[in-house]
Amino acid sequence: MAQRTLSRYLTEEQRHKEVITGDLKLLLEVAARACKAISIAIGKGALGGDGGVLGEAGSDNIQGEAQKKLDVLSNEILLEANEWGGHLAAMASEEMDLPHLVPNRFPKGEYLLTFDPLDGSSNIDVNVSIGTIFSVLKCPEGADLSTPEAAAKAFLQPGTAQVAAGYAVYGPTTLLVLSVGDGVVVFTLDREHGHFVMTRENVRIPEETAEFAINMSNRRFWEAPVQRYVDDMTAGRQGPLGKDYNMRWVASMVADVHRIMTRGGIFMYPMDEKLRAKGGKLRLMYEANPMAFLIEQAGGAASTGRQRILDLVPHDLHQRVPVILGSRREVERAVGYHST
Ligand code: P6P
């Protein structure tokens, strides 16, 4: 049977099911090609151009974080790939303070793209899986795109307004995991032919799990409900939850989320006292929202601990939120600790 490539899947979603528009199909194909280019650049590692693509770029991003060469390169690949197609009005990135407007020499489209071009940067130099996360919104009618400052307001829509979201995992294989609101599909990069081939569709996350992901070194900074919940899980079979749990923490959200997408689990980056002034660790617009969209599309749940992530109305492009997501029943259990 002929392989179902990303292009074929998007064509089916556009022509047969009318789930997406031609412009959204183009946007997603371009974003996938950018992820392919990032995968190739990452794969070169220390052998990449001018001294290799590993190591520091010598600059900081809006978050005040030192940028890796690959952070900057990945961001540039996504900007260049997406500005000429006529499908976008503007782009926003973890690596840029303000949105990047489509230059006037190119036609503007109806979509907004946000992305974390390279998530898990601390893992680049130690050859552990990293990824790209992206989210697509419609540009509001009549949005003021005259300046980057004005355009930032067009992005401030709740996660429920997303029309598509996805991530690429750059690991032993390069995967693209995507939803256009019609379930979650997984594509594997066929490096010989250079295209993404569907390898899973209708992904469903098991409702129950015995595997949690959290950075345990922050336990003293968590709020009491999270401390109680994690203590109960680590108490195992003899504890109040009556079962033994396993733990995983890759410190690349994309890798941890993909494990959950594949076999279930719960991922937490909860509110952390040392980060309270910033609002948390993970960014709403290009980490929490796209991942929450995908997780819900696969039957899971995503909460701040006190409310559904997709319902949050953003007030700032780089806003941070606590994140608890994964197997639905386990997320409900974790949320339950916040109301006792
Ligand atoms: P920590 C990567 O920098 C990231 O934004 C997420 O991908 C990841 O889940 C988290 O931070 C890791 O944080 O504090 O464990 O290094």
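Strand 3 (residues 88–93) and strand 4 (residues 100–101) pair in the antiparallel sense over 2 bridges, where strands are DSSP runs of E with at least two residues, helices are runs of H or I with at least four, and both are numbered from the N terminus. Two strands are said to pair if DSSP finds at least two bridges between them. The structure is a predicted model, in which local features need pLDDT of at least 70 and side-chain atom pairs count only at pLDDT 80 or more, while totals for chains, interfaces and linings use all residues. Residues are numbered from 1 along each chain as its sequence is written, and side-chain values use heavy atoms, with hydrogens and water left out.

Within this pairing, A90 stands opposite L101 in strand 4, and the two strands form a hairpin with 6 residues between them. Strand 3 also pairs with strand 5 (residues 111–119), here in the parallel sense and over 5 bridges, with A92 opposite T114 in strand 5.

A pocket is an open set of points on a 1 Å grid over the protein atoms alone, with protein on both sides within 12 Å along at least five of seven lines, and its lining residues have an atom within 4 Å of a point. The volume of the largest pocket is about 440 Å³, and of its 25 lining residues G120, S121, S122, A251 and K281 are the closest to its centre. Domain 1 (6–200) and domain 2 (211–338) each provide at least three residues of this lining, the domain bounds coming from an automatic or database domain assignment.

The second largest pocket holds about 280 Å³ of space and is lined by 18 residues, of which I42, G43, N127, Y170 and G171 lie nearest its centre. Helix 2 (residues 22–44) gives the largest share of this lining, 3 residues.

Helix 7 (residues 284–297) is mostly covered, with 12 of its 14 residues buried, among them L284, Y286 and F293. This helix is followed by G299, whose phi is positive, near 90°.

Methods:
Buried means under 20% relative accessible area, exposed over 50%, partly exposed in between (1.4 Å probe, protein chains only). On a 1 Å grid over the protein atoms alone, a cavity is a set of points where a 1.4 Å probe fits but cannot get out, and a pocket is an open set with protein on both sides within 12 Å along at least five of seven lines; lining residues have an atom within 4 Å of a point. Grid points are joined across faces, edges and corners, and a volume is the space filled by probe spheres set on the points.
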